[in-house]
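Open the model in your viewer and keep the selection panel at hand. The stops below run from the whole chain down to a single residue.

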Amino acid sequence: MNVCMAPCPVVFDLDGTLIDSAPDIHACVNAVLRQNQIAPLSLDRVRSFIGGGVDVLWTKVVAATGVDPSHQRDLVASFMTRYHTATSLTRMFPGVPEALGQLADRGHPLGICTNKPLGPTRAILEHFGIDRMFATIIGGDSMPEKKPDPAPLRAALAALGADPETPKAIYVGDSEFDAACAAAVPVPFLIYDRGYRQIPLENLIFRESFGDFEGLPRLIEAEALR
Ligand SMILES: O=C(O)COP(=O)(O)O
Ligand SMILES: [Mg+2]
């Protein structure tokens with residue numbers, strides 16, 4: 001089956017896929033914890049909590065720190081004020097701008113489907129000057145459902161003109177949330193293996209894994225010929 005005849009839509013996850021944002025998320029989490037006289041968490045620990053969005057992150061932070069869960073709402077509110085402008089410690093993964101540029105030049109409509117809320121998502125994309133590359137951006141608060149529910153990815157694909165019944169498109173992500181979401185749509189899933197995944201690759205559904213964005217445009221063209 002030809003998955004993509006014309007250059008197909010390619011939708012990307014954000015945290016752990018295009019950007020290494022864990023240092024900024026870690027700094028925001030610890031600033032809130034310190035402000036509330038709670039012991040800080042390590043970068044590795046906080047990184048392992050990323051993927052399900054802000055509420056999942058904070059449910060895990062609350063469990064890890066032993067804070068009274070009734071405080072979670074206030075902690076999240078305090079976190080969000082910092083998160084909106086947290087860009088200074090975040091880096092794009094190597095080869096990302098070049099790969100996005102190549103895909104755009106080849107005519108692939110590009111989108112973002114992330115569990116990160118829309119405010120910080122737009123802020124970080126603008127910070128790196130890549131926001132205009134994406135014709136649609138679905139954030140973790142764009143709709144009631146979050147990944148692994150397929151609804152956000154379906155919305156991104158629909159905005160990029162994919163057929164809602166049999167979308168000929170590709171999703172690129174880093175985590176178990178993304179793999180389950182892509183399988184539920186369903187669309188082929190390419191997984192970046194240097195992101196924030198917590199589950200072994202062999203336990204996930206994906207078409208190809210990659211560790212270097214230089215090879216991604218080639219993987220996408222190969223997928224298009226399947
Ligand atoms: O911010 C998160 O928890 C996850 O974001 P992602 O969907 O871009 O990986
Ligand atoms: Mg991710």
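How many helices and strands does the protein have? Colour by secondary structure: there are 9 helices and 8 strands, taken as DSSP runs numbered from the N terminus, helices being H or I of at least four residues and strands E of at least two.

Before moving on, note the conventions. This is a predicted model, so local features need pLDDT of at least 70 and side-chain atom pairs count only at pLDDT 80 or more, while totals for chains, interfaces and linings use all residues. Residues are numbered from 1 along each chain as its sequence is written, and chains are lettered from A and ligands numbered from 1 in the order in which they are written.

**Whole chain.** Show the C-alpha trace. Along its principal axes it spans about 55 × 30 × 30 Å. Buried residues (20 or more other C-beta atoms within 10 Å of their own, C-beta atoms being placed from the backbone) make up 44% of the 226 residues.

**Two domains.** Select 10-20 + 90-224 as domain 1, then 22-83 as domain 2. These bounds come from an automatic or database domain assignment. The C-alpha centres of the two domains lie 25 Å apart.

**Ligand 1.** Which residues are the closest to ligand 1? Pick L14, D15, T114, N115 and K116 from the 13 that surround it (C-beta atom, placed from the backbone, within 6 Å). The shell divides into 3 nonpolar, 7 polar and 3 charged residues. Each of domain 1 and domain 2 supplies at least three residues to the shell.

**Helices α5 and α9.** Next, select 96-105 (α5) and 216-224 (α9). They pack at about 35 degrees, axes 9 Å apart. Axes are lines fitted to C-alpha atoms over the stretch in contact, and angles run from 0 to 180 degrees between N-to-C directions. Show A99, Q102 and L103 of α5 against L216, P217 and I220 of α9. That contact has 5 nonpolar, 1 polar and no charged residues.

**R82.** Finish in helix α4 (72-83), where R82 is found. Leaving aside neighbours within four places in sequence, R82 contacts C28 and A31.

Definitions and conventions
Ala, Val, Leu, Ile, Met, Phe, Trp, Tyr, Cys and Pro count as nonpolar, Asp, Glu, Lys and Arg as charged, and the others, Gly among them, as polar. A residue is buried if 20 or more other C-beta atoms lie within 10 Å of its own, exposed if 12 or fewer, and partly exposed in between; C-beta atoms are placed from the backbone. Two residues are in contact if their C-beta atoms, placed from the backbone, lie within 7 Å.
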